[in-house]
Amino acid sequence: MFIKIPRRGDCRESEVIPEALYLNRRQLLQGSMLSVAASGLPVLTRADEGRYAQVDAVDAPAWFDAKLDQAHWEAVTADGESITPYRDATHYNNFYEFGPDKGDPARHAPKLVTEPWTVMVDGEVTNPGRYSVDDLFSPTQLEERIYRLRCVEAWSMVIPWLGFPLAELVRRLEPTSNAKYVRFETLVRPEQMPGMRAGFSLIDWPYVEGLRMDEAMHPLSLMAVGMYGRVLPNQNGAPLRLVVPWKYGFKSIKSIVRISFVHDQPATTWETMAPQEYGFYANVNPHVSHPRWSQARERRLPGSLFKPNVRETILFNGYADEVSHLYAGMDLSKDY
Ligand SMILES: Nc1nc2c(c(=O)[nH]1)N[C@H]1C(S)=C(S)[C@@H](COP(=O)(O)O)O[C@H]1N2
Ligand SMILES: [Mo]
């Protein structure tokens, strides 16, 4: 079930074939995507078991790799937005455990050992324990979800994830009625995570994130184990990461090793570090500026100096129809 992650050296080549298949599939899926759109979840589509993720890696000639970076990407979401090229989605990352620069995760994360991997489940829950990743996701089907990812730094991408609804997992784990929030923790392994060894990092590890229970149970909240039809690259949070598309990217915690069901709102990494800049909710909101910059617009990657690809940011990152009821009666300028 679990696919071996190629080492850095063979990584670039092996991406080519699954990606090409991926794009073919996209075109085949267009019809079904539109019908799903009509059912009210506009950028959601299902794939049958991620079959093409198991295609063997094949070496591509260097000229092909070079061409691929310049390829005109045709795949689009149901709303007509282009899917971010795989290369950008895997080489422009935030994963501070591996360093502060956007290229650091792609440089250093491939050395992270992600097999075996266990996730500790504890707190207000009927089925606590230490689960292997396979245990966690073997009972469920993988689904493909094409989501916008909007970073609080005002850039965004469109990424086709492969995963399963967090709600399914929560139901299986059976939280007690005392559980009001879910808290997530990332791996701490400084030997393999150079960003954690750097003395200047302000982050108090482990990286922690959390959701209110109703947010966790929302059908858009995804536990991702893959992207672009293949296994999740380490820099994107292998083997298991959260994706909450209506919130700023920092809520989508990577490489999860612990899931706790708790009564009180958990202290989360960014909110703890700078509460006046980053809130617990972190819902994408063009009307609530970051103290140091506006959130009204975003840079959709890839862009260039001549074509910066700037677009308006949409409330709840475009998912308002699905999620705004979760925040009825709340003042979004206070609970940012
Ligand atoms: N453990 C951990 N998870 C993390 C981060 C991090 O630094 N550490 N960065 C977050 C931020 S700020 C963003 S924008 C997204 C980026 O996800 P991507 O690199 O897969 O696009 O991951 C989030 N998850
Ligand atoms: Mo981010």
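Which residue in the turn of the hairpin formed by β7 and β8 has a positive phi? To find out, select Tyr-228, whose phi is about 50 degrees and which sits in the turn, with two residues between the strands β7 and β8. The model is a predicted one, in which local features need pLDDT of at least 70 and side-chain atom pairs count only at pLDDT 80 or more, while totals for chains, interfaces and linings use all residues. Residues are numbered from 1 along each chain as its sequence is written, chains are lettered from A and ligands numbered from 1 in the order in which they are written, and side-chain values use heavy atoms, with hydrogens and water left out.

**Stop 1**

Select residues 222-227, which make up strand β7; strands here (E, at least two residues) and helices (H or I, at least four) are DSSP runs, numbered from the N terminus. Six of the six residues of β7 are buried, so the strand is largely enclosed by the rest of the structure, where buried means under 20% relative accessible area, exposed over 50% and partly exposed in between, with a 1.4 Å probe and protein chains only.

Strand β4 (residues 155-165) runs antiparallel to β7 and is joined to it by five bridges, with Pro-165 as the bridge partner of Leu-222. Strand β9 (residues 241-243) also pairs with β7 in the antiparallel sense, over three bridges, and here Ala-224 stands opposite Arg-241. Strand β8 (residues 230-231) is antiparallel to β7 as well, with two bridges joining them, and Gly-226 stands opposite Val-231.

**Stop 2: aromatic rings**

Next, show the rings of Phe, Tyr and Trp (its six-membered ring), which pair if their centres lie within 6.5 Å; planes under 30 degrees apart count as stacked, over 60 as edge-to-face and the rest as tilted. The count by this rule comes to 13 aromatic pairs. Begin with Tyr-181 and Phe-280, whose ring centres are 5.8 Å apart and whose planes meet at 80 degrees, so the pair is edge-to-face. Because Tyr-181 lies in strand β5 (residues 181-186) and Phe-280 in the loop between α10 (269-273) and β11 (297-300), the pair ties together parts that are 99 residues apart in sequence. Tyr-181 counts as buried at 13% relative accessibility, and Phe-280 counts as buried at 2%.

Then move to Phe-316 and Tyr-327, where the ring centres are 5.4 Å apart and the planes are at 15 degrees, so this pair is stacked. Phe-316 is in the loop between β12 (310-312) and α11 (320-323), and Tyr-327 is in the segment after α11, 11 residues apart. Both Phe-316 and Tyr-327 are buried. To see how these rings belong together, select Tyr-181, Phe-280, Tyr-281, Phe-316 and Tyr-327, which ring pairs link into a cluster.

**Stop 3**

Lys-251 is buried, with a relative accessible area of 1%, and Glu-209 counts as buried at 0%.

**Stop 4: the salt-bridge network**

Across the whole structure, a search finds 17 salt bridges. Select Glu-81 and Arg-311, which form one with their closest N and O atoms 3.7 Å apart. Glu-81 is in the loop between α3 (62-70) and α4 (86-91), and Arg-311 is in strand β12, 230 residues apart. At 10% relative accessibility Glu-81 counts as buried, whereas Arg-311, at 32%, counts as partly exposed.

Continue to Arg-150 and Glu-298, whose side chains meet in a salt bridge (3.2 Å, N to O). Arg-150 lies in strand β3 (residues 143-150) and Glu-298 in strand β11, so the pair ties together parts that are 148 residues apart in sequence. Both Arg-150 and Glu-298 are buried.

Notes: Two strands pair if DSSP finds at least two bridges between them. A salt bridge is a side-chain nitrogen of Lys or Arg within 4 Å of a carboxyl oxygen of Asp or Glu.
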